[in-house]
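These are my notebook entries on a structure that I went through entry by entry. I set down what I looked up and what I found.

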Amino acid sequence: MAQVLLEKITKIYPGGVKAVDAIDLHIADKEFIVLVGPSGCGKSTTLRMVAGLEEITDGTIRIGDRVVNSVPPKDRNIAMVFQNYALYPHMTVYKNMAFGLKLRKVPKNVIDQRVMEAAKILAIEHLLDRKPKALSGGQRQRVAVGRAIVREPAAFLFDEPLSNLDAKLRVTTRAELKRLHHRLKTTTIYVTHDQEEAMTLGDRIVIMKDGIIQQADTPLVTYQKPVNRFVAGFIGMPPMNFFDGLLKMVNGAMVFEEGKLEDAKVVTKRADEPQVAIGQVTLPGNGFTIPVPEQLRACLGAKVGKHVVLGIRPEHLSLTDHGGESINVKLNVVEPLGNDMDLYLETVLHPHVVARVEAHAGLEVSSQVKMFVDLKKIHFFEPGETGVNLSLVSEKPHAAA
Ligand SMILES: Nc1ncnc2c1ncn2[C@@H]1O[C@H](COP(=O)(O)OP(=O)(O)OP(=O)(O)O)[C@@H](O)[C@H]1O
Ligand SMILES: [Mg+2]
């Protein structure tokens with residue numbers, strides 16, 4: 001078992017694609033870390049560099065205390081399971097699992113012991129004499145994992161190992177992998193593009209975009225305190241709703257007003273908008289307005305009169321008034337999910353707003369409804385795809401003015 005350290009790792013493919021851009025990542029011994037992000041963000045490239053299957057353009061990789069930059073894959077003491085784990089079709093499950101050890105000239109009795117133990121852990125003892133074609137997808141997947149376990153590697157690398165399985169099997173196999181990690185405690189780097197899989201498996205998850213790590217933290221922190229708009233939109237399902245708008249002072253109180261910034265204008269006459277002071281920026285009034293909660297005012301002070309993005313998770317919109325502020329929306333679609341339901345809504349300016357609420361009878365599609373906002377849970381971001389989470393700024397100690 002071992003820690004894995006990535007220091008300023010960069011990969012530029014021939015032809016100039018920068019797939020991974022100077023990433024730093026310290027994976028602790030026994031840690032289960034998940035690399036997650038959209039297609040093409042550099043997850044597989046990162047994993048393949050750790051495995052030694054891809055040359056590193058720049059940076060250092062250490063496994064344990066050893067720099068492995070120029071160590072060939074077979075000598076790195078790691079085991080990798082891919083999406084297309086090719087089992088040898090002419091060999092039995094036992095032989096598939098034993099094959100790698102046999103090549104390494106491990107004594108027969110040791111091979112036997114390790115295969116039997118792995119088979120027991122994975123509950124495939126009864127399948128050892130079968131050939132892969134006589135197995136289900138999930139069983140084949142377990143054999144592929146078994147083949148990795150028997151090597152007793154310093155680290156496991158998984159690249160989307162569940163993506164060939166159907167939805168139900170993916171969920172059960174993912175629980176098995178988690179149990180397996182509890183038992184073996186082998187350092188694991190796991191790649192997926194599925195945020196739910198990442199959240200359920202990882203001790204920490206690493207959210208990547210364009211070859212850059214956006215955030216590396218526990219699933220809960222990435223959900224509750226996303227560092228930027230990209231992470232906020234990627235973690236959580238259905239994704240967070242974002243609203244463009246403006247922060248302004250109305251009768252001395254800070255509010256967020258939804259609206260298009262190109263429509264913003266400066267108040268020059270009292271009569272234009274009596275509540276807003278002359279000289280302030282305002283928007284023509286068909287967006288919704290909500291007050292900025294007390295705890296966020298300090299960190300948003302410098303943003304008054306500026307474009308910000310409000311983020312509200314679907315689960316923080318509700319049909320019931322728990323003492324929150326409300327916004328008026330049109331209800332377009334109701335999607336029942338059993339205990340919960342998703343409501344597809346629109347505001348005057350925003351055609352796609354989603355709310356996840358408790359199942360509730362008697363809602364009329366195409367009607368106007370009031371959605372209550374849990375103000376304690378809202379976020380504000382700088383504009384732009386990776387605009388920083390302004391709501392987190394207040395948590396840092398105040399710098400001396
Ligand atoms: N052999 C290669 N030659 C050139 N470019 C490559 C090569 N392999 C990957 N890339 C590019 O590098 C970038 C990162 O690819 P990578 O396979 O690491 O992404 P990924 O995050 O694993 O995506 P996915 O979720 O689709 O598997 C992409 O832009 C991809 O097109
Ligand atoms: Mg990939």
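In which strand is the place of valine 333? I find valine 333 in strand E18, residues 325-336; helices (H or I, at least four residues) and strands (E, at least two) are DSSP runs, numbered from the N terminus.

**Basis of the entries.** I note that this is a predicted model, in which local features need pLDDT of at least 70 and side-chain atom pairs count only at pLDDT 80 or more, while totals for chains, interfaces and linings use all residues. Residues are numbered from 1 along each chain as its sequence is written, chains are lettered from A and ligands numbered from 1 in the order in which they are written, and side-chain values use heavy atoms, with hydrogens and water left out.

**Entry: valine 333.** I looked up the exposure of valine 333 and read a relative accessibility of 39%, so valine 333 counts as partly exposed. The classes are buried under 20% relative accessible area, exposed over 50% and partly exposed in between (1.4 Å probe, protein chains only). I then listed its contacts (heavy atoms within 4.5 Å). Leaving aside neighbours within four places in sequence, valine 333 touches Asp342, Leu343 and Tyr344. Between valine 333 and leucine 343 I read 5.9 Å from C-alpha to C-alpha, at a separation of 10 residues in sequence.

**Entry: threonine 192.** Is threonine 192 buried or exposed? Threonine 192 has a relative accessible area of 2%, and therefore I record threonine 192 as buried.

I also looked up its polar contacts. These are pairs of N or O atoms within 3.5 Å; within protein, one must be able to donate a hydrogen and the other to accept it, and residues adjacent in sequence count only if both atoms are side-chain atoms. The side chain of threonine 192 reaches the backbone nitrogen of aspartate 194 at 2.9 Å. With the side chain of glutamate 197, the side chain of threonine 192 makes a polar contact of 3.4 Å. Beyond four places in sequence, the residues in contact with threonine 192 include Val34, Leu35, Val36, Gly37, Lys43, Glu160 and Ala198, besides Glu197.

**Entry: backbone geometry.** Most residues other than glycine have a negative phi, and most peptide bonds are trans. Lysine 105, which is not a glycine, has a positive phi near 60°. I place lysine 105 in the loop between helix H2 (93-103) and helix H3 (108-121). Its relative accessibility is 70%, so lysine 105 counts as exposed.

Alanine 123 also has a positive phi, of about 55°. I find alanine 123 in the loop between H3 and helix H4 (137-149). Alanine 123 is partly exposed, because its relative accessible area is 44%.

Which residues does a cis peptide bond join? I find methionine 237 and proline 238, with omega about -5°. Proline 238 lies in the loop between H8 and strand E11 (241-250).

**Entry: the two domains.** I took the bounds of domain 1 (4-234) and domain 2 (241-395) from an automatic or database domain assignment. Their centres, taken over C-alpha atoms, are 40 Å apart. To the contact, domain 1 gives 13 residues and domain 2 gives 15 residues.

For buried area I used the accessible area (1.4 Å probe) that two parts lose on being put together, summed over both. Between the domains it is about 1200 Å², with 54% from carbon and sulfur atoms. In domain 1, I note Tyr223, Lys225 and Arg229 as the residues that lose the most area to domain 2, together 51% of what that side buries.

I counted 1 salt bridge between domain 1 and domain 2, the term requiring a side-chain nitrogen of Lys or Arg within 4 Å of a carboxyl oxygen of Asp or Glu. Lysine 209 and glutamate 385 form a salt bridge, with 3.5 Å between the closest N and O atoms. On the side of domain 1 that touches domain 2, helix H7 (219-224) and helix H8 (229-234) each supply at least two residues. H8 gives the most to that side, with 4 residues.

**Entry: the whole chain.** I end with 9 helices and 22 strands in the chain. Of its 401 residues, 48% are buried.
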